[in-house]
Amino acid sequence: MRRSWPRWEITAPLSCCTPRAGRISFGRMSPLVSIRKPPRLRKGDRVRLVAPASPFDRKLMRQGCERIRSLGLEPVVDREEFQRRGFLAGTDRSRAMRLVAALHEEQSKAVWFIRGGYGSCRVLDLVRPNPAAYPPKLLIGFSDITFLLMTFAAPGGFVTVHGPVVTQLPRLGRSSFSWLKKLLFDDWAEATVPLGNTRTIRGGRVRGFLYGGNLSIIASMAGTGFLPPLAGSILFIEDTGEPAYRLDRMLMQLKCSGAFENVMGVVVGRFEGCSPAGGRYSARRVVEDFVAEMGIPAISNAGFGHGRVNTALPIGLLAELDADRGRLDLLEPAFR
């Protein structure tokens, strides 16, 4: 199923994007592009597990497989995924070949990434994929996997899922796991994302296409040609283990590169282990203050990130953000 994106024109600069009270601002994307939708999962489907970045803890991987089986799915993994080459799960060529093979494999209905870490950028540099040339297939992961999710959800590509990697599944909270099951299996037309207790950074209501992921990775994608255009998007970000000044530098890099121009709204997730944890210049406050200066509807403390709470978000899907109510609604099915 191919969904055409509305032909909307940009009418206001970033500093003038704050919507009037009681009105909805709509994402504006140009030129006209389209994005495809993968098939919805069904019980009994085979899911290919792939490690395109760092090596992983085998015990966590086995425990993660048990949670996948509890969904009625059959996880399959090749011995090559267990390779170790320093901080990488095998050579660049090996990881790239395994990823491409998984994307084209007809016997499996999804690719669930085992772990993030580091290394997805090296795979992209080797493969340099044209997303339109690949069949739409469900991809699930986050953190370093943001490289792959954002690349394949670019115009002409297909909807991907920013959600828990396999090694995060054993410690994933019940609410996040229940939402993941609903997102992947249920036949729904619209849905409200359970983001938890959010904080309003700047009020307003906007519609746009969900794009985002790990802030460090999104910043490192700037200027590479892999970062999709973010104009007309509702951007969501999270990170882990970063000091406040680095987070500010990442945001400044994206701003100066023009990536934030005509972004419609922002959803700030969890910044687990980022420092300082408290005070006027805590990591969270630094991010919130920067986002507030963008002058668009935004919320913070949304329930996704590197902890027990990691609410899955479909990348490339039309959504509505009501920042006053701390609500994010998906306005169309994620899969066909």
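## Salt bridges and a domain interface

Glu66 is partly exposed, at 48% relative accessibility. Buried means under 20% relative accessible area, exposed means over 50%, and partly exposed lies in between (1.4 Å probe, protein chains only). This is a predicted model: local features need pLDDT of at least 70, side-chain atom pairs count only at pLDDT 80 or more, and totals for chains, interfaces and linings use all residues. Residues are numbered from 1 along each chain as its sequence is written, and side-chain values use heavy atoms, with hydrogens and water left out.

Glu66 forms a salt bridge with Arg69. A salt bridge is a side-chain nitrogen of Lys or Arg within 4 Å of a carboxyl oxygen of Asp or Glu. Both residues sit in helix H1 (residues 58–70), 3 residues apart, which is about one helical turn. Helices (H or I, at least four residues) and strands (E, at least two) are DSSP runs, numbered from the N terminus. Arg69 is partly exposed, at 42%.

By this rule the count comes to 18 salt bridges. Here are three of them.

| Pair | N to O distance |
|---|---|
| Arg69 and Glu66 | 2.7 Å |
| Asp289 and Arg280 | 3.0 Å |
| Arg48 and Asp78 | 3.2 Å |

Arg48 lies in strand S4 (residues 46–50), and Asp78 in the loop between strand S5 (74–76) and helix H2 (92–104), so their pair ties together parts 30 residues apart in sequence. Arg48 is buried, with a relative accessible area of 9%. Asp78 is partly exposed, at 39%. Glu105 joins Arg48 and Asp78 in a network of salt bridges. In the remaining pair of the table, Asp289 is partly exposed at 28%, and Arg280 is partly exposed at 43%.

Now for the domains. The domain assignment, automatic or from a database, gives domain 1 (38–171) and domain 2 (190–335). Their centres, taken over C-alpha atoms, are 23 Å apart. How many residues of domain 1 are in contact with domain 2? There are 27, and they meet 31 residues of domain 2. Contact means heavy atoms within 4.5 Å.

The two domains bury about 2300 Å² between them, 65% of it on carbon and sulfur atoms. Buried area is the accessible area (1.4 Å probe) that two parts lose on being put together, summed over both. In domain 1, Met150, His162 and Arg171 lose the most area to domain 2, together 32% of what that side buries. Between domain 1 and domain 2 the count is 0 salt bridges.
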